[in-house]
Structures are given as structure tokens and as C-alpha cells.
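Please look at the sequence and the structure shown below, and keep both in view while reading the report.

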Amino acid sequence: MRPAENINELIKKLKLKASADLDRRVHDDISMAPAESDKAKSAFTQPNIGRTIMKSPIVKLAAAAVIIVLVVLGLFEFIGTEKTSGVVWADVVRKVGASRGLIVRCSDSTASSEDDYSITYTSPTYCRKDFYKDGQIIRTGYTDFTGSDTYTLTDVFHMRKHSLTTTFKKSEYQFFLEWNNDWTNPEFLVQKILSCEHSKLGQKTIEGVLCEGIETTDPAYIGPLPGPVNNLQVEFRLWVSVETGYPVLYESKMSAEYEGEVWESENVTDQFQWDVELDPGIFEPNIPSDYERLTWPEVKEL
Amino acid sequence: MLEDKLLILKFNRGNREALRSIYEKYKNDLVTLAAALLNDVSSAEDVVHDVFVGFIESSRKFRLTGSLKGYLATCVANNARNRNKAGRRHQNVEASVVMPDANRPDAAAMFGEELRQLGWALEQLPYEQREVLLLHSYSGMKFKAIAQQQKISINTVQGRYRYAVDKLRSMLNGEVKK
């Protein structure tokens, strides 16, 4: 007899495979679906993925959230940090810029989020993210920044037992970073917070660490959006250790209405381990032999 | 999420490979969900086929506002619910020719011997409770998202989930005799 607590785990074990007949039916239907029209192709001869995606204000918001988290998580390392804007915040920029490696947890409580939290390992040239649901790893994402003109993303889906590798041209992947160059500049980021309506949160002890925090709820923090978004509300809080000058906790919350739909994002980033030496081996995609390997090389045509 | 957003971007432009990737990525989960809802693998595959036919037709106008997995799971649940209702109407009209559950050996056993008891227990749940339980526990949808999709209150969703879990517990712990 199964213990009651195992019901959810049991349900997750349910697994059927789509039959070859269903595969054939769906793939036949897909083959008959209208393909990309010549007109569409000519309109996108050398399309820019960033510009295309960023036409959506919501995606732009999402990208902003990602960018902000990335900046806080370690992209400082790619960027100069000559000037600073305040005592504690100057330390943040300097310390983060000098960090060799970072381990951090990010919890996304957005309703549509597939995972409960992720653990990110970041070095200047690689990134690995382990995504967890109910304490079980469900996906591992590896990003390789070492290519001269490409980024390579490899996602390993443990529940579905397959991996998907995607190669992005750096020139076409800039939507991740290019929306506004200033968002990748920590000096700008800190100054932006300070230049928006903001409040210093004073000092607080977070998990035994005395921290100093800053908060902004000013929508101007997000910057100009390309389309109409209603009821944009933001909350960003960054807590930094007074002793070490490293971020300890970053909280972001955003909501907006776009075309009648409410879009919400809520993240907590914590458990920072700064300046750690990471074993390069953890960034090698580990794909078990029984996993199906899929590649998606044609991103260029976007 | 980024992967799904890019797939949808390509899908919106009519890219067939994006559609194939979406299907390959989610097909097994969707068939499993539909089968657990309908207790029938053949009908489950028809549901997933129907969902993808509709999905293909929506390519130009489809907009992803939440998770793609949640969206597809909701489509499967809606389609399965309609089939379930139609099936019940059919049973009422032609009750004499409907086989009793005991004569459908594949229903509980379709998930294999290890999960046969769970399959049987799921089958005993009222449809609405089974639906919420599977959308939450199997497809990973939050209660809030289920409530929004089904246009019912979150309290109703949570209530159905609690009842479903309690009943499953009872059945799997042997408190309710088969």
C-alpha cells in the first residue's frame, strides 16, 4: 500500500509514449500546414531576432527582468566598472566585477513558472542552471559563451529524457542584452536605481548577515516601452552585505496589463556564493546515453 | 521558457520545424494527461491529435501569455472534458450496450503493473476532481492558472484538489474497499 504522501510522486510517474500512429497523424498534419510564405521570407531576409521579439512590450519586460537578474548575477564581469555612485554600491560593482565564479538560487513564484527554483553556476565564460520542481531536478541548462560569434544553449530535460541544443549567432542574439545597452552596464544600473524614485531600506540582518538595501517602485526603472502597457507596477530590492560588499538578496516583482491580459513576474534571488572557483567540468553538458538528442540549428532563419 | 518563446515566435511565422519541436517536446506528457483523464489511450491520442490540429490552425494568431506546457495541457483538458460529456450522453442514450468498467481491463492497467492501483483509483474520482488533480500534480499548473483557465474560483479548484487527494489517499491506503 502506498503512503499517502507519495500520491503526487506517484502521479508524476505516470508515463505513456505517444504511438507511432499518433506521430504519423500529427506530422502529416504539420506537413500540410501552410509554410512560411515567400512574402514573409522576403520581409525577413536578414531578420533581427531581437527586434522581432522586442516588438512585444511583455517580452521586453521579461527580457528586462532577465537582464536585470543577469546583471546582478554576474554579467558585471564582462563590463568595466571604473566609476561608481556610492559607498556600498561602489563596493557592489567592484566586488561583483572581480568575482571568479558565482553560485546562486533563483525562485520564481510566477503562476506560469515550470520550476520551483533554479541553482545557477556562472563563470565568465559558462553558465549552468539546474531547475528543480518538488525537490527533483527537471532540467539542466548549459550556456557556452566561448564561441567567437555564437552562443550555445543546451537544455537537458530530465523528465522527458531528451536534450535540445540551440546555437545563437551573437549578432542576432543581442535581444538578450541589446534592448538598451545601458541595462548591461552596472554603473548605469546602480545609477538608474538611484536616479529613479527610490528609498534606501536601511540595514537589516538577512540570515545572519547585516545588509543594506535599496528599493525602487518607479516604473521609469524599466525604461521606455515600445507599446502600450497598462498598470505597469515594479518593485526591485537589492540587499548587499555591509561587510563583504556582495549582493545577498535580490527581489523583483513586476506586473502589467497587455492586450487585456495581466502579466506578472516575481523572483527572489538568494543564497549567493561569490568568488567561488568552479570546476570547469560542471559546465560540460551531461546528457545520459538514453536521452534523445535534438538540435535546433536553424535559428539563423529567424 | 525562453526556448518555448522562441519556438512560438517561429511557429507564428509558420515554421513547421518549430511545430514539430513543440509536438515532440510535449507529446508524451499530453497523451499521458489525456489518458489519465479519459481512462483510454486511444481516445487520449485522438484528443492530442485534435489539440495539435487546432494549434496548427492558430499559428499566425497564437500568443503565448503563460507557459506553453500549461496552455497545451489546458487544451487537452478542455477537449477531454468535451469528450467525457459526449461519452456520458452517449452512455445515457445507449446504456444497454455500454460495457461496465470491469470489462475494460486496459483502463487501470494502461500505466503498467506498478501504477495499476493508481490508475484504478484515479478512475474512481469524479471527473472535475481528477482534472484538477492531474493539471496540478502532473502538468504542474498552479491553482491560480487552473482557476483562470477554467473560469472558476481558486477556492473551488483547491477544494476539488483536496477532495481528490483525500479520496486517493483513502483508496490507495485501503480505507475504501474496491
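The report that follows takes up confidence, then the contacts between helices, and then the paired strands.

## Confidence in the model

This is a predicted model, and its overall scores are an ipTM of 0.83 and a pTM of 0.47. For chain A the mean pLDDT is 70, with 64% of the residues scoring at least 70, while for chain B the mean pLDDT is 79, with 80% of its residues reaching 70 or more.

Some stretches call for caution in both chains. In chain B, pLDDT stays under 50 over residues 92-105, and the model has three contacts beyond four places in sequence for this stretch. In chain A, pLDDT stays under 50 over residues 174-187, where the model has 35 contacts beyond four places in sequence, and also over residues 298-302, where the model has 10 such contacts. Where pLDDT is low, the predicted coordinates should not be read in detail.

## Helix α2 of chain A against helix α2 of chain B

On the α2(A) side the contact is made by A:Val26, A:His27, A:Ile30 and A:Ser31, and on the α2(B) side by B:Arg16, B:Leu19, B:Arg20 and B:Tyr23. Sorted by class, the residues of this contact between α2(A) and α2(B) are four nonpolar, two polar and two charged.

## Helix α2 of chain A against helix α3 of chain B

Helix α2 of chain A also meets helix α3 of chain B, which spans residues 41-57, and the axes of these helices come within 10 Å and cross at roughly 10 degrees. Because an angle under 35 degrees counts as roughly parallel, α2(A) is roughly parallel to α3(B).

In this contact A:Leu22, A:Arg25, A:Val26, A:Asp29 and A:Ile30 of α2(A) meet B:Glu45, B:Val48, B:His49, B:Phe52, B:Val53 and B:Ile56 of α3(B). By class, the contact of α2(A) with α3(B) has seven nonpolar residues, one polar residue and three charged residues.

## Two helices within chain B

Within chain B, the axes of α2(B) and α7(B) come within 10 Å and cross at roughly 155 degrees. The helices α2(B) and α7(B) are therefore roughly antiparallel to each other, and their crossing is right-handed.

From α2(B) the contact draws on B:Leu33, B:Ala36 and B:Leu37, and from α7(B) it draws on B:Arg130, B:Glu131, B:Leu134 and B:Tyr138. In the contact of α2(B) with α7(B), five residues are nonpolar, none is polar and two are charged.

## Paired strands in chain A

Which strands does β1 of chain A pair with? Strand β1 (residues 102-108) pairs with strand β2 (residues 117-122) of chain A in the antiparallel sense over six bridges, and in this pairing A:Tyr117 of β2(A) is the bridge partner of A:Ser107. Strand β1(A) is also joined by six bridges to strand β11 (residues 261-274) of chain A, again antiparallel, with A:Arg105 standing opposite A:Asp270 in β11(A).

Elsewhere in chain A, strand β5 (residues 150-157) and strand β6 (residues 162-169) run antiparallel and are joined by eight bridges, and A:Tyr151 stands opposite A:Phe168 in β6(A). The strands β5(A) and β6(A) form a hairpin with four residues between them, and in this hairpin A:Lys161 takes a positive phi near 55 degrees.

Note on methods:
Residues are numbered from 1 along each chain as its sequence is written. Chains are lettered from A and ligands numbered from 1 in the order in which they are written. This is a predicted model: local features need pLDDT of at least 70, side-chain atom pairs count only at pLDDT 80 or more; totals for chains, interfaces and linings use all residues. pLDDT is the predictor's confidence in each residue, from 0 to 100. Two residues are in contact if their C-beta atoms, placed from the backbone, lie within 7 Å. Ala, Val, Leu, Ile, Met, Phe, Trp, Tyr, Cys and Pro count as nonpolar, Asp, Glu, Lys and Arg as charged, and the others, Gly among them, as polar. Two strands pair if DSSP finds at least two bridges between them. Axes are lines fitted to C-alpha atoms, for helices over the stretch in contact, and angles run from 0 to 180 degrees between N-to-C directions. Angles under 35 degrees count as roughly parallel, over 145 as roughly antiparallel, 65 to 115 as roughly perpendicular and the rest as oblique. A crossing is left-handed if the near helix is turned anticlockwise from the far one by less than a right angle, and right-handed if clockwise.
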